[in-house]
Amino acid sequence: MTRLTLYTRSGCHLCEVAAETLDRIGEPYEEIDISGDRELEAEYGDRIPVIMLDGREHGYWRVEEERLRRDLAKG
């Protein structure tokens, strides 16, 4: 099971930066593009990118790298 999910939208610069940060952390993650998915667009809208950890929202717009590393180590 993948612990991290990154919700993105094509053409989103912050999404690219978030993916680079997650790549640097080295924990596997699933990337989901919300474009065209009405439910996901309604849920996340302009808060993209959204980082989920273990099915719960961990943050949006920017990855708080130190906090995410700490929370990954807890679980």
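**Close-up 1. A pair within helix 3.** Asp71 and Lys74 sit three residues apart in helix 3, so about one helical turn separates them. The two form a salt bridge whose closest N and O atoms are 3.5 Å apart; a salt bridge here is a side-chain nitrogen of Lys or Arg within 4 Å of a carboxyl oxygen of Asp or Glu. Asp71 is buried at a relative accessible area of 15%, whereas Lys74, with 65%, is exposed. For these words, buried means under 20% relative accessible area, exposed means over 50%, and partly exposed lies in between (1.4 Å probe, protein chains only). Elsewhere, salt bridges with shared partners join Arg24, Glu65 and Arg69 into one network.

A word on the model: it is predicted, so local features need pLDDT of at least 70 and side-chain atom pairs count only at pLDDT 80 or more, while totals for chains, interfaces and linings use all residues. Residues are numbered from 1 along each chain as its sequence is written, and side-chain values use heavy atoms, with hydrogens and water left out.

Close-up 2. Helix 1 covers residues 13-25, and its 13 residues should span 18 Å at 1.5 Å a residue; the end C-alpha atoms are 19 Å apart, which agrees. The expected span is 1.5 Å times one less than the number of residues. Helices (H or I, at least four residues) and strands (E, at least two) are DSSP runs, numbered from the N terminus. Cys15, Ala18, Ala19, Thr21, Leu22 and Ile25 are buried in this helix. Viewed down the axis of helix 1, the buried residues fall within an arc of 160°, so they line one face; the arc is taken from the directions from the helix axis to the C-beta atoms. His13, Glu20, Asp23 and Arg24 are exposed on the other side. Just past the end of helix 1, Gly26 has a positive phi of about 90°.

**Close-up 3. What helix 1 packs against.** The buried residues of helix 1 pack against strand 1 (4-8), strand 2 (29-33) and helix 3 (65-74), with contact meaning heavy atoms within 4.5 Å. Helix 1 lies across strand 1 and strand 2, and runs at about 165° to strand 1. Axes are lines fitted to C-alpha atoms, for helices over the stretch in contact, and angles run from 0 to 180 degrees between N-to-C directions.

Close-up 4. Four strands make up an open sheet of mixed pairing, in the order 2-1-3-4. Strand 2 and strand 4 (56-60) are at the edges with a single partner strand each, so one side of each has no neighbour in the sheet. Two strands pair if DSSP finds at least two bridges between them. Strand 3 (residues 50-53) pairs with strand 1 in the antiparallel sense over four bridges, and Thr5 stands opposite Met52 of strand 3. Strand 3 and strand 4 are likewise antiparallel over four bridges, with Glu57 in strand 4 as the bridge partner of Met52. Two residues lie between the strands of this hairpin, where Asp54 takes a positive phi near 55°.

**Close-up 5. Glu57 and Arg47.** The closest N and O atoms of the salt bridge between Glu57 and Arg47 are 2.7 Å apart. Glu57 belongs to strand 4 and Arg47 to the loop between helix 2 (38-44) and strand 3, so the pair ties together parts 10 residues apart in sequence. Glu57 is partly exposed at 36% relative accessibility, and Arg47 is partly exposed at 22%.
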